[in-house]
Amino acid sequence: MNPVSFSKFLSVLVALSAATLAACGGGGGGNSSGGGSSSSSSTSSSTASGPGVTAIDEAGGLPSGYVLAWSDEFSTDGLPDPTLWGYDTFRNSAGWYNNEKQYYSANRLENARVEGGKLLIEARKEALTTLPDYGGQQYSSARIVSKKTYTYGYVEVRALVPCARGGWPAIWQLPAAPYTNWPDDGEIDIMEYVGWNAGKIYQSVHTKAYYHVLNNQKSVISNVADACSAWHTYQLTWTADRITMGFDGRNYFSYRNDGSGNYNEWPFFRPQFLILNVAVGGDFGGVSGVDDAAFPYSMQIDYVRVYQKP
C-alpha cells in the first residue's frame, strides 16, 4: 500500500515476543480501488493463479457458524486490560521508522485509557524528557498489541478515527514469532487513515511477492466521508482460502490463496496478533505536515471482537 508498512513491521519485532508471552456504526459509502486458539486449516480449492481481483463490493459481516473467541468491550475505566494488551515501545530511544514523530508510551493514562466504555488512544503535543527511553520526540501516543494470537477468524473493531492533519490511526495485524523479514511473513491492514487524505480508508495486505517496493501492492482505498465524525465497524474475514476486508457489513477488499503453496504470495497460515495505534507524521502520515493546534486527539474504540469457527 505505502512505504510506512515497512517501518511498522520493523518497529514491532521486539513487541512480537512480548505480545505472545501469554501466548458497526454509521454509514460510509462505497469503495474505489487505488488467544484466541487457532481454527483448523482447510485446503484451498482454487486452481487459479495469483491473488485475484482486489477491489470488490459484496456482502460482509459475521460469517455463519463463527463463535466469539475473545473480545474486549472496554467496560472498565483505567488502563487497557493487561491480560489482553501489551505495549510496543522499543524504538523510542532510537526514533521510530519512517520518520514518524511520536514517542509511544506504556501504562500511561494520558495516551491509552478506557473511559466511559471506550478505549482512547490519544496523541499529545508534549516532550516526555524525564522518561529513560526518551528519544527527542515532541509528541506522545500509544501502540497497544494483543497478547492473544489467532489463525483465521473474523475480526470486528468499531472505531471513530481522528481527522487531524498529521495523524495516522491504524488497526492492523502482524505474525507472531518465529518470523523472518518484512514483508515475507505477511501483514494485514484492517484500517488505516491519514488526516491529509480526508474521507479515505486504506485496507491492504503485504507479502514478499506483493508490496510497494515492487509497485504491485494489494490495497483498496474506500470512500468513507464521515470516517472521523461517525462510528464505523472495520472488519476482516481471514480463512485458509481468502482474506476479505471492509466496513459496516460490506466487503471491499479481497486477496485469494490460489492453493499453490507459494509462501511469497500466501504466508497467512500462521498466528497473528492485533495492533491498535495512532502515529504522528512520518513519510505517509505527515505528507502535508503536522497540525500542532489539533492536539490532543484520539482514536476511539468501542469494542474489539475476534470470532472463529469452533
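Contact here means heavy atoms within 4.5 Å. By that rule, Gly50 touches Tyr210, Arg256, Asp258 and Glu265, not counting residues up to four places away in sequence. The model is predicted.

**Gly50**

- Gly50 sits in the loop between β1 (31–33) and β2 (55–59).
- Gly50 counts as buried because its relative accessible area is 12%, and the cut-off for buried is under 20%.
- Gly50 and Trp266 are 216 residues apart along the chain, yet 9.5 Å separates their C-alpha atoms.

**The largest cavity**

- The largest cavity holds about 50 Å³ of space.
- Gly50 and Pro51 are among the residues that line the largest cavity.
- The lining also includes Tyr255, Arg256, Asn257, Asp258, Ser260, Gly261, Asn262, Glu265 and Trp266.
- By type, the lining has three nonpolar, five polar and three charged residues.
- Arg256, Asp258 and Glu265 belong to this lining, and each of these residues is also touched by Gly50.

**The nonpolar cores**

- In soluble globular proteins, nonpolar side chains tend to be buried together.
- The largest nonpolar core of this model has 54 residues.
- Within this core, Ile171, Ile243, Leu276 and Ile301 touch the most other members.
- Strand β18 (residues 297–308) gives the most to the core, with five residues.
- Ile301 is in contact with Phe74, Lys118, Leu119, Val157, Arg158, Ala159, Ile171, Trp231 and Leu276, leaving aside its neighbours within four places in sequence.
- Two of these partners, Ile171 and Leu276, are named with Ile301 among the core members that touch the most others.
- Another core, of seven residues, lies apart from the largest one. Among its members are Trp96, Trp168, Val194 and Ala279.

**The disulfide**

- The structure holds one disulfide.
- The disulfide joins Cys163 to Cys228, with an S to S distance of 1.8 Å.
- The link of Cys163 and Cys228 is right-handed, with 95° about the S-S bond.
- The pair links distant parts of the chain, 65 residues apart.
- Cys163 lies in the loop between β9 (153–160) and β10 (167–175).
- Cys228 lies in the loop between β13 (218–223) and β14 (232–238).
- Cys163 counts as partly exposed because its relative accessibility is 41%.
- Cys228 also counts as partly exposed, at 21% relative accessibility. Buried would need a value under 20%.

Definitions and conventions. Residues numbered from 1 in each chain as written. Predicted model: local features only at pLDDT ≥ 70, side-chain atom pairs only at ≥ 80, totals over all residues. Heavy atoms only, no water. 1 Å grid on protein atoms, 1.4 Å probe; cavity = no way out; pocket = protein on both sides within 12 Å on 5 of 7 lines; lining within 4 Å. Points joined across faces, edges and corners; volume = space filled by probe spheres on them. Nonpolar A, V, L, I, M, F, W, Y, C, P; charged D, E, K, R; others polar. Core = buried A, V, L, I, M, F, W, Y, C linked by side-chain atoms within 4.5 Å. Buried < 20%, exposed > 50% of the residue type's maximum accessible area, 1.4 Å probe, protein only. Helix = DSSP H or I, 4+ residues; strand = E, 2+ residues; numbered from the N terminus. Disulfide = S-S within 2.5 Å.
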